[in-house]
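Thanks for coming. I have one structure to go through today, so please bring it up on your screens.

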Amino acid sequence: MLKFMGNKRLIVLMLGLICFFILMGLTLSGRTSFYWPEKFLKDSIAWTQSLFYRPAASVSGFFEDVSKLKTIHEENQILKKRLTDYALATQQLNSLEDQNKRYKEALEFTERQKQVSNYRYRIADVIAASPDPYNGTITVNLGEKDGIKPNMAVMNVDGMLGRVLTVTEFTSNVQLLTDLSDTQANKSKAISATVKGKEYKSGQNQGSYGMIQSFDKEKGLLIMNQVDVNDRLEIGDTVITSGLGKVFPSGIPVGTVVSREPGDFGITHKVAVKPFADFRHIYEVFIVEVPEVK
Amino acid sequence: MIRNSLWLILMGLLILEGSLIHWLIPQNWQDIVQISSNFMLIIILYIGLYLNRHSALLYGLAFGMLHDFVYYGHILGVYSFGFGLIGYIAGMMPRRQSGLILSTLLMMGIGVLLFELTKYGVYRLFDVMNMDFEFAFTHIMLPSVLFNMLFALAVYIPMRKLMEALQGQKVQAD
């Protein structure tokens, strides 16, 4: 080996190696903002990419649609029926909301408590998705200018997708749930979760609770740890975010429980959750903006 | 035009790889395996194998860095390091101008596999994920190698022609 790469070349190679490892070490998941050259590069490339993602998706979607034509008629019938249900539900919701408002006023809720579940859903188009399987990052077309900040929750109509990792002026990078890992250096945030219908309520000690900490890429399942042995969680339950972790708002559907077994230390249970969302083909996402309390 | 063609191609691939490729690979495949499409690496390998190692190194470092910026998730520098190193190694391979398509494809396959191994190694070293090596090898690396070799085969003839044109230009300049 030494023969055909001379001494000088070897030294340069080693120096390059050291420089790159320093760079990698310094940028290890800790950064949420970029310097301006990075921002400029990223925004200009992302803008060009945005011209291609949509047409590519629609062309590929067209072929999928043709093959699904038969089921569409059936689906249509069901959806029509749903629509009437929806109209009814909206009506009920309006009156309930009104009622709720009056009760809240009667109870003298503080401004903070009123605002807490008044989320704004910002629709963002996907510009590009990382081709690297180890790095589940997608770029969306809303950025700092639109008021997007790191750590906002990202979802689509199916359920939870991930969180905003970094923002530039016009775009932001979203870290998908597939990148969740409990290894030391991976600074992904664990999601505090609960079960729909079995939420934790103050004064009552029976709410389901767990932390979604990692994603099992081999099985495609999310792993929820720290579930109490006496927890009422069952297989088939719908897991939603609890909002107790202060990073994500509450009530975003995450997935269904598929298995439950004793955890690594035997003190708590480990629960596998099958995510609702398909992380591969994403057209558009909702970024959930929690209103700030002044 | 020919002189600028290399970086134009690489730039085009950088833009397309995040959008087109996810939709081009059939969904049924994606359920089983996860393919990383390193089309830029294929072009850089062509540069290394048919032009010279220094331009392969430079193109690799520059476009790898662009990729790292655009898809920043865990760490900066993995693609830049991998592209540069593998482009350079490809440039040091003994050159046979016989134009054997099979040997070129084999080199491409080895190059992509080396890159995938580097990437896996760096991510494991910095502890950003703890995926099993066996799973990563069978479900990510091998399918990626095959898929990228397919791309290498598809662009073999146009790339060879382009490389010959570029070489001819260089000889004229000398």
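This is a predicted model: local features need pLDDT of at least 70, side-chain atom pairs count only at pLDDT 80 or more; totals for chains, interfaces and linings use all residues.

Let me start with chain B. This chain has nine helices and zero strands. If you read along its sequence, the pattern is simply α-α-α-α-α-α-α-α-α. How many of its residues are buried? Of the 174 residues in chain B, 56% count as buried. For the overall dimensions, the C-alpha trace spans about 50 × 30 × 30 Å along its principal axes. Now the radius of gyration. A compact globule with 174 residues would have a value near 16 Å, and chain B has 16 Å, so the two agree. Then there are the contacts inside the chain. Taking contacts in chain B with a separation of 6 or more, 78% are between residues 24 or more positions apart.

Next, chain A. Here we have four helices and twelve strands. Chain A has 294 residues, and buried ones make up 40% of them. For contacts in chain A with a separation of 6 or more, the part that comes from residues 24 or more positions apart is 60%.

Now to where the chains meet. Chain B puts 55 residues into the contact, and chain A puts in 57 residues. The area buried between them is about 5000 Å², and carbon and sulfur atoms give 66% of that area. Which residues of chain B lose the most area to chain A? They are B:Trp23, B:Tyr72 and B:His74, and together they account for 18% of what the chain B side buries.

There are also polar contacts across this interface: 13 residue pairs, with both residues at pLDDT 80 or more. On the chain B side, several helices supply at least two residues each, including α1 (2–17), α5 (53–70) and α8 (133–154). By class, that side of chain B has 34 nonpolar, 14 polar and seven charged residues.

That leaves the salt bridges. Over all chains, the structure holds nine salt bridges. One salt bridge is counted between chain B and chain A. Which side chains form it? They are A:Asp132 and B:Lys119, at 3.2 Å from N to O. To find the pair on your screen, look for A:Asp132 in the loop between β1 (120–129) and β2 (137–140) of chain A, and for B:Lys119 in helix α7 of chain B. Are these two buried or exposed? A:Asp132 has a relative accessible area of 2%, so it counts as buried. B:Lys119 is buried as well, with a relative accessible area of 0%.

B:Lys119 also meets B:Glu116 in a salt bridge, at 3.5 Å from N to O. Both of these residues lie in helix α7 of chain B, three residues apart, which is about one turn of the helix. Both B:Glu116 and B:Lys119 are buried. Elsewhere, salt bridges that share partners join A:Lys39, A:Glu144, A:Lys145 and A:Glu169 into one network.

One more pair is in chain A. A:Asp216 forms a salt bridge with A:Lys219, and their closest N and O atoms are 3.7 Å apart. A:Lys219 is exposed, with a relative accessible area of 62%.

That is all I have for today.

Note on methods. Residues are numbered from 1 along each chain as its sequence is written. Chains are lettered from A and ligands numbered from 1 in the order in which they are written. Side-chain values use heavy atoms; hydrogens and water are left out. Contact means heavy atoms within 4.5 Å. Buried area is the accessible area (1.4 Å probe) that two parts lose on being put together, summed over both. A salt bridge is a side-chain nitrogen of Lys or Arg within 4 Å of a carboxyl oxygen of Asp or Glu. A polar contact is a pair of N or O atoms within 3.5 Å; within protein, one must be able to donate a hydrogen and the other to accept it, and residues adjacent in sequence count only if both atoms are side-chain atoms. Ala, Val, Leu, Ile, Met, Phe, Trp, Tyr, Cys and Pro count as nonpolar, Asp, Glu, Lys and Arg as charged, and the others, Gly among them, as polar. The radius of gyration is taken over C-alpha atoms; the globule rule is 2.2 Å times the number of residues to the power 0.38. Buried means under 20% relative accessible area, exposed over 50%, partly exposed in between (1.4 Å probe, protein chains only).
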